[in-house]
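Visitor: I'd like to learn how to read aromatic ring pairs in a model. Can you walk me through an example?

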Amino acid sequence: MPWEKNFDTDKALDEAIKVFWSKGYEATSMSNLTQAMGINKGSLYNAYGSKRALFIKAILKYDVENRRRLLTELEALDDPVTAIGQFFETLIAESVNDVEKKGCFLINTSLELPHHDDETRKIVTGGLEDLEAFFLRGLETARKRGEVAADLDVEEAAKGLVASIVGLRVLSRGTFDEAGLRAIKAQALARLTG
């Protein structure tokens, strides 16, 4: 008799995201996953293939529903400097309201990259490259409009903004409070105007 799915795979995937996000790939056991997802091991394998395949699905879903959605919304604004500032504000608000201090699933995974396969590395580096490209497009537009320093090296500044975001997300996991996170934002934006 063929296997029949008797659970909501999207809801179960959301639960897997929470587990991988808080524990990381290596520290997450099959027991952690099946308990959180409310399914047995056989159902997990039949629906998702393996722990690794489930992780890939989880990080891709997280990326689409979080980073990509936010960047699409911000890119629609006609003011790139405001969009960059709003990006920081959104992350600060998420961090302050995150009682579990989980940080960002994508950034957390980037810290474990030496332990991941090529597919995971491509997802994480692709996400960070997309973020850098978002900053670069915005800074190029802002420079043309005279909204940032005329001599700003926009490529270097875009990389610096990515570094600030990574730092903010890592430090938001319990090291920095809201004031510290706002200081990161202030320093990052101050560098744009010279």
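Visitor: Which residues do ring pairs link into a cluster here?

Guide: In this predicted model, Phe-20, Trp-21, Tyr-25, Phe-55, Tyr-62 and Phe-105 are joined into a cluster by ring pairs.

Visitor: And how do I describe a single pair?

Guide: You take the distance of the ring centres and the angle of the planes. The pair count here comes to nine. Take Tyr-25 and Phe-55: with centres 5.1 Å apart and planes at 70°, over the 60 degree cut-off, the pair is edge-to-face.

Visitor: Where in the chain do Tyr-25 and Phe-55 sit?

Guide: Tyr-25 is in the loop between α1 (9-23) and α2 (30-37), while Phe-55 belongs to helix α4 (residues 51-75). They are 30 residues apart, so this pair links distant parts of the chain. Both Tyr-25 and Phe-55 are buried.

Visitor: What about the rings of Tyr-62 and Phe-105?

Guide: Their centres are 5.4 Å apart and the planes stand at 75°, so Tyr-62 and Phe-105 are edge-to-face. Tyr-62 comes from helix α4 and Phe-105 from helix α6 (residues 105-110), so the pair ties together parts 43 residues apart in sequence.

Visitor: Is Tyr-62 buried or exposed?

Guide: Buried, because its relative accessible area is 5%, under the 20% cut-off. Phe-105 counts as buried too, at 1% relative accessibility.

Visitor: Which charged end sits over the ring of Trp-21?

Guide: That of Lys-102, 4.5 Å from the ring centre. Tyr-25 has Lys-51 over its face, at 4.4 Å from the ring centre.

Conventions
Residues numbered from 1 in each chain as written. Predicted model: local features only at pLDDT ≥ 70, side-chain atom pairs only at ≥ 80, totals over all residues. Heavy atoms only, no water. Phe/Tyr/Trp six-rings, centres within 6.5 Å; stacked < 30°, edge-to-face > 60°. Helix = DSSP H or I, 4+ residues; strand = E, 2+ residues; numbered from the N terminus. Buried < 20%, exposed > 50% of the residue type's maximum accessible area, 1.4 Å probe, protein only. Lys NZ or Arg CZ within 6 Å of the ring centre and 35° of its normal.
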